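Student: Hey, can we go through this one together? I'd like to start with a helix.

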Amino acid sequence: MTATVRVLVIDDHPLFRRGARHLMDIDGGFEVVGEASSGREGLDLALSLRPDLVLLDLNMSDMDGTETLGALREAGIDARVVMLTVSDEEEDLVAALRAGADGYLLKHTEPEDLLRQLRQVLSGRLILTDELTERLAEAMRRQPAPGERVVLTRREQEVLDQIAAGLSNKQIARELGLSEGTVKVHVKHLLKKLGMHSRLEAALWVVEQQK
């Protein structure tokens, strides 16, 4: 008889955690042994429960998914870890894989496909949806060599242009039709890509590039 896969769900949305538990219960081959609403809570539970599989959200308030994954690995947690998120940004995908994620799936994945892919990751495969596989290939092709110009995604460039115009995150969110949290993530990523530490530094850089 095949052993039930013990799953830990780390996500700050109660409705998603409840849905994940319901899906696992229906399948029968998975058992949700713990739920955490934050990265820190998830790390504590992983240390005590030692799950086989961790479903990990990307954007959380205290520690994001990539930071949480790093903490899990540093703590010696050898469970398979799958990022389950709404973000299809190349930067997030690449960062998660570099941090050691065993899979990266979008939350709109059909339930049957999700369960099938989770079984694949447990057999040692790296899992990505088809659309993300294509995005990863594009990201790798655009990865700049040392000394080459940094390449921003279209959305990051839009956010950078708004920063240079002096807009706040809330104003940028309104202008681009995004949530303020999503804008914060884009700002964080583009500053990291540019090797800068502040919005002002980025704004001045844009001005210099336009001269």
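**Helix H9 and beyond**

Tutor: Helix H9 covers residues 180–194, 15 residues in total, and spans 21 Å from its first C-alpha to its last, close to the 21 Å expected at 1.5 Å a residue. That expected span is 1.5 Å times one less than the number of residues. Helices here are DSSP runs (H or I, at least four residues), and strands are E runs of at least two, numbered from the N terminus. This is a predicted model, where local features need pLDDT of at least 70, side-chain atom pairs count only at pLDDT 80 or more, and totals for chains, interfaces and linings use all residues. Residues are numbered from 1 along each chain as its sequence is written, and side-chain values use heavy atoms, with hydrogens and water left out.

Student: Which residues of H9 are buried?

Tutor: Val183, Val185, His186, Val187, His189, Leu190, Leu191 and Leu194. Buried means under 20% relative accessible area (1.4 Å probe, protein chains only).

Student: New topic: where is Thr109?

Tutor: Thr109 sits in the loop between strand E5 (103–106) and H5.

Student: Buried or exposed?

Tutor: Thr109 counts as buried because its relative accessibility is 15%.

Student: What does its side chain reach at 2.6 Å?

Tutor: The side chain of Thr109 reaches the backbone oxygen of Leu106.

Student: Which residues does Thr109 touch, leaving out those up to four places away in sequence?

Tutor: Leu114, Gln117 and Thr129. Contact means heavy atoms within 4.5 Å.

Technical notes. Buried < 20%, exposed > 50% of the residue type's maximum accessible area, 1.4 Å probe, protein only. Polar contact = N/O pair within 3.5 Å; in protein donor to acceptor, adjacent residues only side chain to side chain.
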